[in-house]
Amino acid sequence: MYAIDSLRQLAIKYLERAELANFTFQNNILNPLVVIIRSSKNSSIRALIVDFIVQMIKSKVGSIKSGWRSVFMVFTIAAYDGVVSISDVAFENVEQVVLKHFDQMVGDCIMDCDQV
């Protein structure tokens, strides 16, 4: 949990900086969370990662560029989770992102979404 919190702090710091076009640094910073949620057998770790992604979207939605790819990869993995509460949170938040922030993410990740 300490390592995930450290990744969270690092990601938030990098989301505060503007990402230039055609760069994928945000995606690279968030990718370890994808690897961890995919391989972790601990449901509290998986829930922590999903909660962090939700918190990140709520606080930094305007700053996310290439990071959308990792965000949707985390949500995709969480949607298939055997723990119902984790999959429910993933589905609810994908819906919220599409309904509330579609215009902000469309230019940044729509091309990547077909690869997820």
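Student: Patches are made of residues with over 30% relative accessible area and no salt bridge, joining like charges within 9 Å and nonpolar side chains (Val, Leu, Ile, Met, Phe, Trp, Tyr) within 5 Å. Which residues form a nonpolar patch on the surface here?

Tutor: L10, Y14 and F25, with about 250 Å² of accessible area together (Shrake-Rupley, 1.4 Å probe, only the protein chains shown as cover for residues). A salt bridge is a Lys or Arg side-chain nitrogen within 4 Å of an Asp or Glu carboxyl oxygen. This is a predicted model: local features need pLDDT of at least 70 and side-chain atom pairs 80 or more, while totals for chains, interfaces and linings use all residues. Numbering runs from 1 along each chain as its sequence is written, and side-chain values use heavy atoms, without hydrogens or water.

Student: How many aromatic pairs are there?

Tutor: The whole structure has 2 (Phe, Tyr or Trp six-membered ring centres within 6.5 Å; planes under 30 degrees apart are stacked, over 60 edge-to-face, the rest tilted). Y14 and F25 are edge-to-face, because their ring centres are 4.9 Å apart and their planes at 65°.

Student: Which parts does that pair tie together?

Tutor: Y14 is in helix α1 (residues 2-15) and F25 in helix α2 (residues 25-39), so the parts joined are 11 residues apart in sequence. Helices are DSSP runs of H or I, at least four residues, numbered from the N terminus.

Student: What relative accessibility does F25 have?

Tutor: 39%, which means partly exposed; Y14, at 30%, is partly exposed too. Buried is under 20%, exposed over 50%, partly exposed in between (1.4 Å probe, protein chains only).

Student: New topic: which residues of α4 are buried?

Tutor: W68, S70, V71, F72, M73, V74, F75 and A78.

Student: What span should α4 have?

Tutor: With 12 residues (68-79), 16 Å, and its end C-alpha atoms are 16 Å apart, which agrees. The expected span is 1.5 Å times one less than the number of residues.

Methods
Helix = DSSP H or I, 4+ residues; strand = E, 2+ residues; numbered from the N terminus.
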